[in-house]
Amino acid sequence: MSTSTVPADNSFQFSQLWRDARYRSYTIQIIALIVALSVVMMLIGNAVENLEALGKDFNFGFLFEPAGYDIGQMLVEYTSASGHWKAALVGLLNTLLVAFLACVTATLIGVFVGVLRLSNNWVVSRLMAVYIEGVRNVPLLLQILAWYAVFIHVFPTPKQAVKAPVIEGAVYATNRGFYVPGLTFDGGYQIVVAVLLASIGGIFVFRRWARQRQEATGQILPVGYITLGILIVPAVLAYFASGMPIGLDYPVAGRFNLKGGLKVGTPLIALWFALSIYSAAFVAEIVRAGIMAISKGQTEAAYALGLRPKRTMSLVVLPQSLRIIIPPMISNYLNITKNSSLAIAVGYMDLTGTLGGITLNQTGREMECMLLLMATYLLISLSISAVMNFYNESVKLKGR
Amino acid sequence: MSENNFAFVSTSEKPQLPPPQGTTGAVGWIRENLFSSPLNTILTLLSIFVVYSTVPGVVNWAFVDSVWNANSLDECRALTENGACWAVIRERYHQFLFGFYPTELYWRPILAFVLLFLALVPALWDGMPKRSTALMASMAYPFVAFWLIWGGFGLEPVSSTKLGGLLLTMIIGVSGISFSLPIGIVLALSRSSNLPIVKSLAIIFIEFIRGVPLITLLFVAHVLLNYFLPKGVNFDIVLRVVIMVTFFASAYMAEVIRGGLAALPKGQYEAADALGLSYWQSMRLIILPQALKISIPGIVNTFIGLFKDTTLVLIIGLMDPLGLVAPTLADQRWNGIFVELYAFIAFMFFIFCFAMSRYSMYLERKLHTGHR
């Protein structure tokens with residue numbers, strides 16, 4: 001027979017706060033909370049005091065004052081008379097633009113390099129290893145600055161470029177940027193856009209129907225071609241039916257400069273180029289890890305079931321490696337977005353360059369500008385993380 | 001009757017023939033690996049073409065035709081048309097190494113650099129005799145290095161504005177690396193603990209830091225930190241940058257280590273509890289050694305990232321190697337020599353980062369015990 005050795009003493013002793021596991025967690029948490037709160041209070045208190053001492057207040061009214069500076073590259077209408085908020089918006093759109101472009105190209109290059117890196121062709125895989133190691137181990141900022149310098153020195157001035165176009169009357173490469181045909185929108189273009197959006201919706205419906213049909217009857221449709229058809233045919237028909245409302249605006253060669261068209265400035269090109277080349281190396285490693293993680297038995301089992309190589313890839317290998325590839329890929333996209341803030345080094349007016357750069361220097365409102373800047377980046381990051389968490393939840397292996 | 005049905009019947013075993021020529025040796029390897037299919041052949045030829053069209057040119061540019069002795073870019077160009085002008089590096093290498101540190105005091109950062117390796121030996125060499133004593137000595141290194149570089153206490157003081165070049169990179173990188181690991185461990189443990197308040201504090205800190213670009217944190221260090229400090233308190237700009245870089249790296253470090261903690265089988269935690277170990281004992285003896293081992297590649301990647309990110313200080317006006325390019329180009333004599341400068345700096349960073357990544361691979365192989 002055993003007897004309890006614990007005395008039935010329920011009286012609370014002060015030392016239990018630290019020695020008793022039941023209370024210790026509360027003690028630690030309360031101490032942590034007090035410390036954290038007092039640090040925050042101290043920081044805020046200091047900030048209030050210091051702002052007062054400098055005679056500054058804390059308000060965001062400056063956002064509606066005219067910005068007074070020009071921006072080289074913009075997606076929405078902006079002049080120097082627009083408010084600071086508009087400048088910040090232009091910056092935000094520029095950030096998203098370069099981030100999007102770099103994500104697309106980095107993925108394309110990276111997947112290509114990653115697959116070649118795995119090739120059993122010794123020369124090719126060595127070459128790709130040299131590229132990956134060389135690019136990954138050199139600071140991105142250096143690469144951005146170097147590409148910028150190269151683009152400025154390699155391409156001719158606009159005056160010379162007019163004489164030596166890449167494509168006569170359409171594409172000119174100058175040291176200030178590339179001039180390419182831009183899109184012009186006349187009345188009625190909304191119809192084309194609406195039709196395009198509707199067909200994208202239609203594609204989703206069609207693919208779901210095709211999958212259900214296949215599961216029910218076992219018959220397989222050429223989904224890829226039909227998808228392409230749904231995407232293109234209605235939009236092209238609508239385009240001609242509504243009288244060709246979307247046209248091209250070609251750059252026109254003046255005597256000293258180029259007019260019209262779409263100007264893609266050298267800072268954007270250098271930044272895009274450097275970000276793509278740099279991030280592609282990371283994408284390549286992610287892809288390589290993802291493919292290598294799928295054991296050979298999976299492929300062999302699929303062959304044993306009689307699946308053809310293409311179907312093995314799309315039905316067995318890819319779904320499994322995508323589960324491994326996509327989360328690091330999304331955080332890589334997040335890194336690209338954050339790294340695009342290095343734009344400030346080459347004068348590309350992204351969010352950091354406008355709100356955290358010129359606006360901050362002109363208005364002297366460091367606190368407000370930095371708060372807005374960080375909050376915006378935080379918002380972008382958190383929404384991307386939310387997407388990633390949602391994805392992770394949906395592909396998680398069930399029941400382990 | 002069956003004798004005539006067979007033309008030839010062997011009565012003894014024949015010796016094995018060698019494998020057909022072209023499937024063994026160098027030829028076989030080349031066939032197998034480089035020309036096994038049309039696509040492979042095209043890729044091989046394309047790669048060889050790429051190598052052939054770049055490598056000789058680069059080697060010529062960097063070594064054969066390069067100029068080491070000249071006083072200006074024009075002199076270089078007069079000597080060679082297509083060679084690198086390394087004369088600028090020869091003239092200014094001390095700037096790229098030490099920034100504007102007083103020339104007669106160079107022995108101090110050099111000594112600090114040498115001591116760094118001595119301090120690293122016990123940390124990296126696990127078979128060292130009397131390792132724990134040596135580790136204690138290594139702990140004193142940051143203070144010694146601080147004293148050597150900034151002076152004071154009998155040494156001539158040197159102000160932070162004089163620091164630059166690789167010296168600045170090393171200061172920020174090494175202190176960021178050595179402080180971010182312990183902070184990262186604490187943050188990771190907090191985030192995976194079951195104390196809700198501690199956990200949410202860690203989550204807020206980590207997600208905030210990871211959600212903003214490093215450059216905005218450096219801006220905060222540059223223009224905003226003074227607002228948050230009591231009046232009269234003023235940190236040195238290098239110290240502010242080190243603090244921010246450390247915070248930044250430790251948030252990433254925390255996530256890497258948390259991954260390692262989560263990857264451990266739950267049985268390890270339960271076994272530690274069953275042995276009656278306290279939280280800290282189980283962490284120190286059972287969980288962390290395994291979790292850190294799993295996270296080595298991630299940890300080293302964070303280190304490499306931090307080391308590369310030190311270049312960002314040029315945006316707030318500090319003179320790291322990259323920040324010294326502009327002043328060099330502003331010199332009349334070296335105007336337009338950017339390729340050589342960028343190549344040199346890239347090479348410098350490559351050596352450090354590549355060495356770190358190779359060391360991590362070695363460590364991974366060594367610690368891989370085969371049951372992951």
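Reading a kink, a sheet and a contact between two chains

Author: In helix α13 of chain B, residues 279-294, a kink of about 50 degrees lies at I287(B), shortly before the proline P289(B). The model is a predicted one, and the values discussed here are computed from it.

Reader: What makes the bend at I287(B) a figure of about 50 degrees?

Author: The bend at a residue is the angle between an axis fitted to the seven residues ending there and an axis fitted to the seven starting there, and at I287(B) in α13(B) that angle is about 50 degrees.

Reader: Which residues of α13(B) are buried, and what do the buried residues pack against?

Author: I287(B), A291(B) and I294(B) are buried, a word that requires 20 or more other C-beta atoms within 10 Å. The buried residues of α13(B) pack against α11 (237-263) and α12 (266-274) of chain B.

Reader: Why is K130(B) called exposed?

Author: The limit for an exposed residue is 12 or fewer other C-beta atoms within 10 Å; K130(B) has 9, and therefore counts as exposed. K130(B) sits in the loop between α5 (107-124) and α6 (131-139) of chain B, and its phi is near 55 degrees, a positive value in a residue other than glycine.

Reader: Is F153(B) buried or exposed?

Author: F153(B) has 7 C-beta neighbours inside 10 Å, so it counts as exposed. F153(B) lies in the loop between α7 (141-150) and α8 (165-191) of chain B, with a positive phi of about 50 degrees although it is not a glycine.

Reader: Why is chain B described as more spread out than a compact globule?

Author: Chain B contains 16 helices and zero strands. Its radius of gyration is 29 Å, whereas the globule rule gives 21 Å for 372 residues, and because the value is well over that figure, chain B is more spread out than a compact globule. The C-alpha trace of chain B spans about 120 × 80 × 45 Å along its principal axes, and 33% of its 372 residues count as buried.

Reader: Why are β1 and β7 of chain A said to stand at the edges of their sheet?

Author: The open sheet has three strands in the order β1-β2-β7 (chain A), with antiparallel pairing. β1 (172-174) and β7 (262-265) of chain A each have a single partner strand, so one side of each is left without a neighbour in the sheet. The twist averages 15 degrees from one strand to the next.

Reader: How do you know that β2 and β7 of chain A pair?

Author: Pairing requires at least two bridges between the strands, and four bridges join β2(A), residues 177-180, to β7(A); therefore the two strands pair under that criterion. F178(A) has V264(A) as its bridge partner in β7(A). Helix α9 (residues 266-292) of chain A lies across β2 and β7 of chain A, and runs at about 60 degrees to β7(A).

Reader: How many residues does each chain give to the contact?

Author: Chain B gives 43 residues and chain A gives 44. On the side of chain B that touches chain A, α16(B) gives the most, with nine residues, and by class that side has 32 nonpolar, eight polar and three charged residues.

Note on methods:
Residues are numbered from 1 along each chain as its sequence is written. Chains are lettered from A and ligands numbered from 1 in the order in which they are written. This is a predicted model: local features need pLDDT of at least 70, side-chain atom pairs count only at pLDDT 80 or more; totals for chains, interfaces and linings use all residues. Two residues are in contact if their C-beta atoms, placed from the backbone, lie within 7 Å. Ala, Val, Leu, Ile, Met, Phe, Trp, Tyr, Cys and Pro count as nonpolar, Asp, Glu, Lys and Arg as charged, and the others, Gly among them, as polar. Axes are lines fitted to C-alpha atoms, for helices over the stretch in contact, and angles run from 0 to 180 degrees between N-to-C directions. The radius of gyration is taken over C-alpha atoms; the globule rule is 2.2 Å times the number of residues to the power 0.38.
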